[in-house]
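Have a look at the structure first, then read on.

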Amino acid sequence: MPVDHVRLSQPAKDRLVYLKRTTGITQWNVLCRWALLLSLKDPSTPLVKDIVTDSNVEMSWKTFAGQHGDLYLALLKQRCVVIGEEPTDDNIQRTLTVHLHRGIGYLGADKQMATIEGMVGAVVRP
């Protein structure tokens, strides 16, 4: 398994705590899935490459991905290939980390994302 655990930085945790309060979504993994997909939807490369995962938020890949783990893994592998990297375990883990954190940044930066309706709207907008 290329990804064993998903870990967050302290700033990402802080944004998710805020989002949990404003959206009513209480599970870290649900918010993290939204964040990952929101970032992967953006074709640009995340600017931040080195992220210190220093918070106490950690979850297993199975908890993070749920029943759609194969789909999330395929999306991460595809992104590696698109940016010219081999989809090795290390590259997949790094891709997950940078996209997850960029997506959390997107969720925390947009006031519309403070509601479930705003989050859905951002994902389904072209």
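Which residues does H101 touch, leaving aside those up to four places away in sequence? In this predicted model, the list is R7, L8, S9, A12, I51 and T53. H101 itself sits in helix α5, which covers residues 89-109. Its relative accessible area is 11%, and since the cut-off for buried is under 20%, H101 counts as buried.

Now for a pair of helices. α2 (residues 28-41) packs against α4 at an angle of about 30°, and their axes lie 12 Å apart. Angles under 35 degrees count as roughly parallel, so α2 is roughly parallel to α4. As for handedness, the two cross in a left-handed way. On the α2 side, the contact involves R33, L36, L37, S39 and L40, and these meet Y72, L75, L76 and R79 of α4.

How far can you trust all this? The protein chain has an average pLDDT of 88, with 91% of the residues scoring at least 70. Here are the two ends of the confidence range among its elements:

| Element | Residues | Mean pLDDT |
|---|---|---|
| Helix α4 (highest) | 69-82 | 96 |
| Helix α6 (lowest) | 116-124 | 69 |

Methods: Residues are numbered from 1 along each chain as its sequence is written. This is a predicted model: local features need pLDDT of at least 70, side-chain atom pairs count only at pLDDT 80 or more; totals for chains, interfaces and linings use all residues. Side-chain values use heavy atoms; hydrogens and water are left out. Helices (H or I, at least four residues) and strands (E, at least two) are DSSP runs, numbered from the N terminus. Buried means under 20% relative accessible area, exposed over 50%, partly exposed in between (1.4 Å probe, protein chains only). Contact means heavy atoms within 4.5 Å. pLDDT is the predictor's confidence in each residue, from 0 to 100. Axes are lines fitted to C-alpha atoms, for helices over the stretch in contact, and angles run from 0 to 180 degrees between N-to-C directions. Angles under 35 degrees count as roughly parallel, over 145 as roughly antiparallel, 65 to 115 as roughly perpendicular and the rest as oblique. A crossing is left-handed if the near helix is turned anticlockwise from the far one by less than a right angle, and right-handed if clockwise.
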